[in-house]
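Please look at both before going through the points.

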Amino acid sequence: MRLSRRALLTATAAAGLATAPAVPLPAPAPVAATGDRLRTGFERLRSDGYSLLRGRKVGIVTNPTGVTTDVRHIVDVMHADARVNLVAVFGPEHGFRGTAQAGGSEGRYDDPATGLPVYDTYLKSGQPLADVFTASGVDTVVFDIQDAGARFYTYIWTLYDCMEAARLAGKRFVVLDRPNPVTGRAALGPVLHREFASFVGRQPIAQAHGMTVAELARLFNKEFLTKPVALETVLMSGWKRSDFYDASGLPWVPPSPNMPTADTALVYSGTCLFEGTNLSEGRGTTRPFELLGAEGLDGRWAEAAGGLGLPGVHFREAYFAPTFSKFEGKTIGGVQIHVADRAAFDPVRTGIALLVTAKKVWSGFAWRSDQWIDKLTGSTGVRTMIDAGATADEVVASWRDELAAFRRTRKEYLLYG
């Protein structure tokens, strides 16, 4: 598939940057005070004069979220800087310039803004992806994409697949870190069982992992890759684990078409589970994953969910008409989720509670026939327990031991205070 708006893109040249000392980047100390300006991995790499990339043929895995604080794309910035030999771009799901919907990509093309070849990584892994890296002529692969904090958000598995492919192709791999938009305070939810591995979960991590991409890269490299890749990470400075995205001062660029705001990311690790049902998860509305519903649902659902007394969240009876995806063009009923206290809110527990109550109040409730819910939750446990009449608290209790084990493993790879 070709870029539909290629004619609208114009070549841009970033202003030349003063040369910084070519010294190794130190790991930033944990930040103790609020209000310090966050500097992303890319900003720290650039301020150091790109020393990690000096003398290298560089390819970068990125998408529209790979921007500077003044929203210039880092590919445009690096391409215009003589200190970097940027020779290729690799686009993930939705594409490098972000024009494709869920389950799509932009294919192979030459970027009209820079002339750089753009290679498609979507649904490629192992040796086929290694062959793409080899054909591109790069010797160093850089990764810079904003994550959303959920196991089934595919960019972290693009990271994993690209690390494994870089190892097979004998390439260096550099990860430029960005914030987890929903904090890095805790891991939540069930842990993937390996027999349910897919592109929405390659390896056994928690549904809400509570890590940054650099932390995940280090975990992947030691715990899951067949053999380690030559990995380097450039950390942020000015980020604390308790910070939500708005504390970063960074612009929010939608990492995918249905992740329009950081508020979406806040609920996504719980309400994306509705992809595994016959209910709308809000695609085709201005509040995807915050609006949920179906034909035949009414105010009883919001009443039932509100009656559970879940911390930090309210449920409003809502009616809406999706412009695409499930129930396209039809007015349906359901709920809108309103997070009142972000610190108290548990998105995974909330998502489970909404599944339980939807099944209770609506006779039309059904799982998708392909059992996609099992891929999203990582096992048959959630589906079979809800079908058997379990309460939300009983479902949440069922993964206590596996989550505790993941938290112990995760702790070794946390890089920020």
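This is a predicted model: local features need pLDDT of at least 70, side-chain atom pairs count only at pLDDT 80 or more; totals for chains, interfaces and linings use all residues.

Residues are numbered from 1 along each chain as its sequence is written, and side-chain values use heavy atoms, with hydrogens and water left out. Helices (H or I, at least four residues) and strands (E, at least two) are DSSP runs numbered from the N terminus.

**Helix packing**

- Two packed helices are described by the angle between their axes and the distance between the axes. Axes are lines fitted to C-alpha atoms, for helices over the stretch in contact, and angles run from 0 to 180 degrees between N-to-C directions.
- Helix α4 (residues 155-169) packs with helix α5 (residues 213-224) at an angle of about 45°, and their axes are 10 Å apart. That makes α4 oblique to α5 (angles under 35 degrees count as roughly parallel, over 145 as roughly antiparallel, 65 to 115 as roughly perpendicular and the rest as oblique).
- On the α4 side, the contact (heavy atoms within 4.5 Å) is made by Ile156, Trp157, Leu159, Tyr160 and Met163. On the α5 side it is made by Val213, Leu216, Ala217, Phe220, Asn221 and Phe224.
- The residues of the contact of α4 with α5 divide into 10 nonpolar, one polar and no charged. Here Ala, Val, Leu, Ile, Met, Phe, Trp, Tyr, Cys and Pro count as nonpolar, Asp, Glu, Lys and Arg as charged, and the others, Gly among them, as polar.
- Helix α6 (residues 262-271) and helix α8 (residues 347-361) pack with their axes 7 Å apart, at an angle of about 55°. These two helices are therefore oblique to each other, and α6 passes α8 in a right-handed crossing.
- Leu266, Val267, Ser269, Gly270 and Thr271 of α6 meet Pro347, Val348, Gly351 and Leu354 of α8. In the contact of α6 with α8, five residues are nonpolar, four are polar and none is charged.

**Salt bridges**

- There are 23 salt bridges in the structure, each a side-chain nitrogen of Lys or Arg within 4 Å of a carboxyl oxygen of Asp or Glu.
- Arg342 is bridged to Asp246, with the closest N and O atoms 3.0 Å apart. Arg342 lies in the loop between β12 (332-339) and α8, and Asp246 in the loop between β9 (230-234) and α6, so the pair ties together parts that are 96 residues apart in sequence.
- Arg342 is partly exposed at 32% relative accessibility, and Asp246 is exposed at 56%. Buried means under 20% relative accessible area, exposed over 50%, and partly exposed in between (1.4 Å probe, protein chains only).
- Arg383 pairs with Asp374, the closest N and O atoms being 2.9 Å apart. Both Arg383 and Asp374 are buried.
- Glu281 forms a salt bridge with Arg283, where the closest N and O atoms are 2.8 Å apart. Glu281 is buried at 4% relative accessible area, and Arg283 is buried at 13%.

- His94 has a positive phi, near 80°, and is not a glycine. His94 sits in the loop between β2 (85-91) and β3 (109-110) and is buried, with a relative accessible area of 7%.
- Leu123, also not a glycine, has a positive phi of about 65°. Leu123 is in the loop between β4 (117-120) and α3 (126-136) and is exposed, at 61% relative accessibility.

**Two single residues**

- Ala344 lies in the loop between β12 and α8 and is partly exposed, at 33% relative accessible area. Not counting residues up to four places away in sequence, Ala344 touches Pro311 and Gly312.
- Gly126 is in helix α3 and counts as partly exposed, at 22% relative accessibility. Leaving out residues up to four places away in sequence, Gly126 touches Ala165 and Leu168.

Technical notes
A crossing is left-handed if the near helix is turned anticlockwise from the far one by less than a right angle, and right-handed if clockwise.
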